[in-house]
Amino acid sequence: MKTLALARQFVLRPLRRDKLRTALTVLSIALGVAVVIAVDLAGDAATGSFQSSMTSLVGKVDYEVTANGGVDERIIANLTALPVNAKFAAVIEQHVTLAKAGSVTLFGVEQLVDPAVAVVSSDAADRFGWKVDDSIELRGRTFRIQKVITGQNVGWVAIDIAAAQQLFGTYGRLDRIEVTVDPGEDAAAVERLVRATVPAAYEVSSPGARSEENQRMLRAFRWNLRILSYISLLVGAFLIYNTIAVSVVRRRAEIGILRAIGVSARGVLAIFLGEAAMLGVIGSAAGIALGRLLASGLVGMISDTVNSIFITSAPGTVAVSWLSAAVAIATGTSVAVFSALIPALEASRVAPAEAMRRESREHQTRLHVRRDLVIAGAAAIAAIGLSQFGPIDGRPVLGYLATLCAVASAAMISPAFVSAVIRLLRAPLARIPGAAGLIAGRSLAASLARTSIVVTALATAISMMISVGIMVASFRETVQVWLESQLRADLYLRAAGQPSAGIFPPIADEVPGLIASTPGVGDVDTFHAFTFRYEGEQATFGAGVSDIVRRHSTLRFLSGDADSILRSLPGQDRVIVSEPFSNKHHVRVGDVLRIALGNQTAAFTVAGIYYDYSSDRGFVISDVGTLRKYLPKQPVTNIAVYVSPGADAQKVRRELDLRLANYAVSVAPNATLKRAAVEVFDRTFAVTWALEGIAIVVAMLGTANSLLALVLDRRREIGLIRYLGADDGQVRRMVLTEAALVGLLAAGLGLMLGAALSVELIYVINRQSFGWTIQFHPPLELLAGALLLVWIFTIAAGIYPAGIARKLQPVEAVHEE
Amino acid sequence: MFDNKNLSGVVGVTKSGLSAVSIRDVRKTYEGGVEALRGVSLELPAGRITALVGRSGCGKTTLLNMCGAMDFPTSGVVEVAGLVTTGLGDAALTGLRRNKIGFVFQFFQLLPTLTALENIELPLLLAGARNVRATARERLDWVGLPEKADALPWQLSGGQMQRIAIARALVHNPAILVADEPTGNLDTASGDLVLKLIRRAADEFGAAVVMATHSAEAAAIADTRVRMRDGLIESVE
């Protein structure tokens, strides 16, 4: 009861009294929590729907039989003959493009006997406006919708399996066989028998395994997003620290009185931690609602990225579970309480007599600049040390820790940095007319601890913006240079429809011949790509005409001579692998890869490692002749066309469009493909920028909050300069100069920290997460523009506090002390 | 030396001739109905010290603030340096304070982050004056603390702080010096030093000094002692 009364008087009342500051603090926590929640929810929704939704049509499935390059249809006869009580169902799963409508997953199943009918999911029906008995056209054939399966949140169409094989030209080949064990039968025994029946190169796994595999593939991507989302929370933590520190300074006399009338040091600690907890709970609760909204916006962006570079999935619904809400509130509140710990401890150590003395009401902060510099040095050394280690379980955990150490180092340097810069700026500041510069510089230096915290919070946000900016720009530049060397053909062909990671729709067998016979066409490089599994992870196996690749020197290798590497491929079980594949699976030149292809397991020697930025999954590439040896029927999926010297590429393209009109292929000129690749790249990082933007907004709110606190705490000083003849403009200029100084200091510190973090991001975190080599290309103009913009916003954050300062009544301000 | 443009075009030139401040039948009622002044008239001549004495709450501070153009009457007229304060806008009032008025407070009110010299310079900087440093040094010498130019307020004694505050109040040669309990927070020796400076301010600068005080020693240096009670002038000696 006593505690409740104390809480009401000393926690709730001050929060209510300072409504605006409370609101700003709550909003910064809310935004911090919202971003974390939103990234998690949107990530779940964007990646959570890999599992095929066919269970409602075919019932529960216990096992799946799959094989790289497809399952031989004849296997199913062997399985059906097994003396077990289980059902074996052949399935084709492909993506199909609908005219002007988008794409859906197409299943070929045995349950539908009529080759002219289709069953569709409710999601597809809703999306495309289909109803029972409507006709739909799939790859030039018409099907009648027989049934709509309700309750489906993924778009799919199911047709008879034979019709599907006919549509895709995959006669004799299945994508998987689904095994359903009858109740009462020993599932493990069935699995053993199935394994013994299918070729050793085949995989028998539970359906959930595929989904887990996909999730595993995305873990680095999601981890990086998650870490990025913590930035706002980290910035928020600095601001909570600041809010509570200000509260302690302001209520020093109150603390003295409380201590004098018998409240224990622990009681005082509880009051301030209670204040932080209250802000944390309210902020987190608001953050959940805000996060839910934000997630809806982010899900599309994350889903785009997942589809472009990782794996095809359809976004699911965004749903906040009670558990995730509870975790969010616990996280937000813990961050708030933890951030408030130091100032709250300081408050609890205040001696009553000292607190009540008038002079000690000035902001006295115990600063240990030299000790802090030593800690900063140690943190910086720790950051460098941690960056030397490799990933843990595929995640750059130590790299993230190094980032945290670097931020801690910057936070510790901050007071020394702030006072040194203000000392340096003394002369130019004094030149600002009307003493605004003089007073602004001095008052910031006088409240060094508080200024340092605001500067650190803003600098953290700025440094993340800078480091991610440098990383993305460097990456973009690297990709563009790579695109120039990689994409040398004049025209590129693939099956029509939206390209998606891991999906390689086949091109009809006769297309390469048609192209080759077109006037003006020189080399025709056919590429056969398909997804395969290696060490439990998905990657792409591809086969091209290595002779053409060599002649046009489109590949750049990490080491070795491209020409001799490519010459060594034809007629040999030799492959080249992409850099991400090499990093992910620790594969070096000369290593032997054992890859299951069809019914056999082949042993390929790695001849070279080449630069590739098109997919995080990784490529293994052989000569087309080598692939044919193992998978003779593997279809062509992509074609690169080199126009003969002197021929008109435009004319050739028009001719190809005409000749291939009936083959559902898209023909893209070189420039279009390059542009599309850069667009995918930019879309991929859109979510990154969105998160960065929010961190900056949180920091801005903090700056406004802190400037407001500085103004309110210096009421007497502002009142006094009014007595001494300062006009409205001079008071406003003084506060705005402080805002500008805070912005300048934060930009300086943020720039240094950001440069260090960009090196960490490019050479440690990115390499360990995705395995790409990125050349360092800082976008100087962009960074200068962004810094200027943040600086202007910081000054704008001072407008409201400046207005408050202007309206202060000097007589009251001077005499209330 | 000072920019008087803010004062130009303002109506209400004083009829009182030599008085720097003229207060005529002034009443002040605060929100909530508290009557601080109930019909007060007073002239503050240049070069003279007027001490306002009386118990706390008798209206001294309100009257002092009116003399400094920091507070305004509910009725009656306050003329400061020939200008009726109620008729002035914010810019003109700021100009008046910048150029014609100096303030000394009981608790010194030095900016803790500025050195002694910088505190003295402040009114000149705010007014956009020239020769700021030299003028401020002159005043610092005048109060007898030339060696304290670079000292921060916390490095000074109470008496020294108040002397710096007096130097700051006089740095722009004000016509009126408003002092609120200038010795209220000082020991006797320091208080005497400060009072001597205030006397010199009136004699050497010709400032009209108005000082609210509880101290007999302070009242003793005044040329006129105005005793107040319940918002009225009880006696003038």
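This is a predicted model: local features need pLDDT of at least 70, side-chain atom pairs count only at pLDDT 80 or more; totals for chains, interfaces and linings use all residues.
View 1. β4(B) and β5(B) run antiparallel and are joined by 2 bridges. B:Val80 has B:Leu83 of β5(B) opposite it. The two strands make a hairpin with 2 residues between them, and B:Ala81 in the turn has a positive phi of about 50°.

**View 2. The pairing of β1 with β4 in chain B.** Strand β1(B), residues 19-29, and strand β4(B), residues 75-80, are antiparallel and share 5 bridges. B:Arg24 has B:Val77 of β4(B) as its bridge partner, and B:Arg27 lies opposite B:Ser75 of β4(B). Strands of a sheet pair through backbone hydrogen bonds.

**View 3. The open sheet of chain B and its helix.** The sheet of chain B has 4 strands in the order β2-β1-β4-β5, with antiparallel pairing. β2 (35-45) and β5 (83-84) of chain B are at the edges; each has a single partner strand, so one side of each lacks a neighbour in the sheet. Helix α1(B), residues 60-67, packs on this sheet and touches β1, β2 and β4 of chain B. The direction of α1(B) makes about 50° with that of β2(B).

**View 4. The contact between chains A and B.** In this view, 24 residues of chain A are in contact with 23 residues of chain B. On the chain A side, α17 (436-446), α27 (715-723), α28 (728-769) and α31 (810-815) each supply at least two residues. α17(A) gives the most, with 6 residues. By class, the side of chain A that touches chain B comprises 14 nonpolar, 4 polar and 6 charged residues.

Technical notes: Residues are numbered from 1 along each chain as its sequence is written. Chains are lettered from A and ligands numbered from 1 in the order in which they are written. Two strands pair if DSSP finds at least two bridges between them. Two residues are in contact if their C-beta atoms, placed from the backbone, lie within 7 Å. Axes are lines fitted to C-alpha atoms, for helices over the stretch in contact, and angles run from 0 to 180 degrees between N-to-C directions. Ala, Val, Leu, Ile, Met, Phe, Trp, Tyr, Cys and Pro count as nonpolar, Asp, Glu, Lys and Arg as charged, and the others, Gly among them, as polar.
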